[in-house]
Amino acid sequence: MNPAKPGETRRTPWIVGVSGASGTPYAASVLRALLDAGESVDLVVSRASRLTLLDETGISFRDAHWQDDLREWLARGADGKPGSFAIDAGIERVRYWAAGDLAAGPSSGSYPVKGMLIVPASTGCVAGVALGLSKDLLQRAASVTLKEGRKLVVAVRETPLNGQTLRHLVTLDDAGATVVPASPAFYAGATHIQDLVDFVAGRVLDAAGVEHRLYRRWKGELGGGTHTT
């Protein structure tokens, strides 16, 4: 698994899991930023998230045509406009695993990865990972990430959160995961929906320790995010 040719550095990707919660633009922003940073990605798209992706973007994510569908998805802006981003390179650094493939590389702790980002994370996904259910590859990969002591970032996006889900989030925190609620901030001077999406994606990447330029950071100056026209 994950072989390296003579003279090459072993491929060590980030796993990106996309669950069925609303918020597929968050996942697209994270994926674009990872590829822009030169990172390799192992992508797991849950069955439920395909329905959400279709509803939010009109894109059908198909196993047999995943590269074409991924390129179309990443090129689309948060406002749904096609061709908002140029996706000319980087797709070759993505490896796609079907959610039902429990024999996939990320299902084993011996498969080398840097960590895993679940974005967006539904409450059902949160429960499955917290309880160790491993009902699909996304949940299994997350469980493996925790047991191997690797970085797991969970971008939960549903609201309101009931007591059961809050307890599941505390369980994940206790297990070493970082919980990043998909809560956009406005101090960075957002003027477009893409700015709000990129802020959340940037905070996910901050938690993972991946460099990016998705949002302007706070510098301790009030009014620094004010835009005038």
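A crossing is called left-handed if the near helix is turned anticlockwise from the far one by less than a right angle, and right-handed if clockwise. Helices here are DSSP runs (H or I, at least four residues) numbered from the N terminus. This is a predicted model, where local features need pLDDT of at least 70, side-chain atom pairs count only at pLDDT 80 or more, and totals for chains, interfaces and linings use all residues. Residues are numbered from 1 along each chain as its sequence is written, and side-chain values use heavy atoms, leaving out hydrogens and water.

Let's start with helix 1, which passes helix 7 (residues 193-208) in a right-handed crossing. Their axes (lines fitted to C-alpha atoms over the stretch in contact, with angles from 0 to 180 degrees between N-to-C directions) lie 9 Å apart at an angle of about 60°. That makes helix 1 oblique to helix 7; angles under 35 degrees count as roughly parallel, over 145 as roughly antiparallel, 65 to 115 as roughly perpendicular and the rest as oblique. Residues in contact (heavy atoms within 4.5 Å) include Tyr26, Val30 and Ala33 of helix 1 and Val197, Ala201 and Val204 of helix 7. This contact has eleven nonpolar, two polar and two charged residues, where Ala, Val, Leu, Ile, Met, Phe, Trp, Tyr, Cys and Pro count as nonpolar, Asp, Glu, Lys and Arg as charged, and the others, Gly among them, as polar.

## Helix 1 and helix 3

Now look at helix 3 (residues 66-75), whose axis comes within 9 Å of that of helix 1 and crosses it at roughly 100°. The two helices are therefore roughly perpendicular to each other.

On the helix 1 side, the meeting residues are Thr24, Ala27, Ala28, Leu31, Arg32 and Leu35, and on the helix 3 side they are Leu70, Trp73 and Leu74. By class, that gives seven nonpolar, one polar and one charged.

## The largest pocket

Can you find the largest opening? A pocket is an open set of points on a 1 Å grid over the protein atoms alone where a 1.4 Å probe fits, with protein on both sides within 12 Å along at least five of seven lines; lining residues have an atom within 4 Å of a point.The largest pocket holds about 300 Å³ of space, a volume being the space filled by probe spheres set on the points, which are joined across faces, edges and corners. Of its 17 lining residues, the closest to the centre are Ser29, Arg32, Ala33, Asp36 and Leu214.

Helix 1 (residues 24-36) supplies the largest share of the lining, five residues. Across the whole lining there are nine nonpolar, two polar and six charged residues.
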